[in-house]
Amino acid sequence: AASVGHASASQHGIIQVFGVGIAPETHSQYKGILATKSATTRDVIASSLDRYHIENGDADDYLLCDVIGRWKGERDDETKAWSTEWSRVLGADETP
């Protein structure tokens with residue numbers, strides 16, 4: 001499942017999709033997905049699949065999760081690791 005980071009509360013915003021689990025060969029930490037206030041989870045997943053170049057992916061086969069966490073370790077330390085504090089799966093018709 002990919003996770004989400006919110007970036008704006010205006011008419012549209014950037015949702016940060018961390019898709020390491022779905023496209024580990026990508027070298028970026030996340031992909032920014034431009035979404036309107038009316039974009040559904042299904043829309044965001046479809047855009048994410050496109051940004052991660054997953055051609056045969058069906059948005060209904062993936063989940064989008066809202067995740068809160070923090071990095072453990074020093075900022076520049078190569079051993080730092082992400083620690084999830086809370087997460088939930090968003091519904092397909094929910095507007096992230």
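Trainee: How many salt bridges does the structure hold?

Mentor: Side chains of opposite charge can pair when their charged atoms come close. The structure holds four salt bridges, a salt bridge being a side-chain nitrogen of Lys or Arg within 4 Å of a carboxyl oxygen of Asp or Glu. This is a predicted model, in which local features need pLDDT of at least 70 and side-chain atom pairs count only at pLDDT 80 or more, while totals for chains, interfaces and linings use all residues. Residues are numbered from 1 along each chain as its sequence is written, and side-chain values use heavy atoms, with hydrogens and water left out.

Trainee: Which residue forms a salt bridge with R42?

Mentor: The partner of R42 is D60, with the closest N and O atoms 2.9 Å apart. R42 lies in helix α1 and D60 in the loop between α1 and β4 (64–72), so the pair ties together parts that are 18 residues apart in sequence. Helices (H or I, at least four residues) and strands (E, at least two) are DSSP runs, numbered from the N terminus.

Trainee: Is D60 buried or exposed?

Mentor: D60 counts as exposed, at 51% relative accessibility, whereas R42 is partly exposed at 33%. Buried means under 20% relative accessible area, exposed over 50%, and partly exposed in between (1.4 Å probe, protein chains only).

Trainee: Which residue forms a salt bridge with R70?

Mentor: R70 is bridged to E85, the closest N and O atoms being 3.2 Å apart. This pair links distant parts of the chain, since R70 belongs to strand β4 and E85 to strand β5 (residues 81–89), 15 residues apart. Both ends count as partly exposed, R70 at 45% and E85 at 47%. A further salt bridge joins the side chains of E94 and R88 at 2.6 Å, N to O. Salt bridges that share partners also join R42, D60 and D93 into one network.

Trainee: How many aromatic pairs does the structure hold?

Mentor: A pair of aromatic rings is described by the distance of the centres and the angle of the planes. The structure holds one aromatic pair. The rings of F18 and Y30 have centres 5.2 Å apart and planes at 45 degrees, so the pair is tilted. Rings of Phe, Tyr and Trp (its six-membered ring) pair if their centres lie within 6.5 Å; planes under 30 degrees apart count as stacked, over 60 as edge-to-face and the rest as tilted. F18 lies in strand β2 and Y30 in the loop between β2 and β3, so parts twelve residues apart in sequence are tied together.

Trainee: What sits over the ring of Y52?

Mentor: The charged end of K31 does, 5.5 Å from the ring centre; the criterion is NZ of Lys or CZ of Arg within 6 Å of the ring centre and within 35 degrees of the ring normal. K31 is part of strand β3 and counts as buried, at 16% relative accessibility.

Trainee: Which residues make up the largest nonpolar core?

Mentor: This core has twelve residues, among them I15, V17, I33, A35 and Y52. A nonpolar core is a set of buried Ala, Val, Leu, Ile, Met, Phe, Trp, Tyr and Cys residues joined through side-chain atoms within 4.5 Å. Two or more residues come from each of β2 (12–18), β3 (31–36) and α1 (41–51), and α1 gives the most, with three. On β3, the covered face holds K31, I33 and A35, and the uncovered one G32, L34 and T36.
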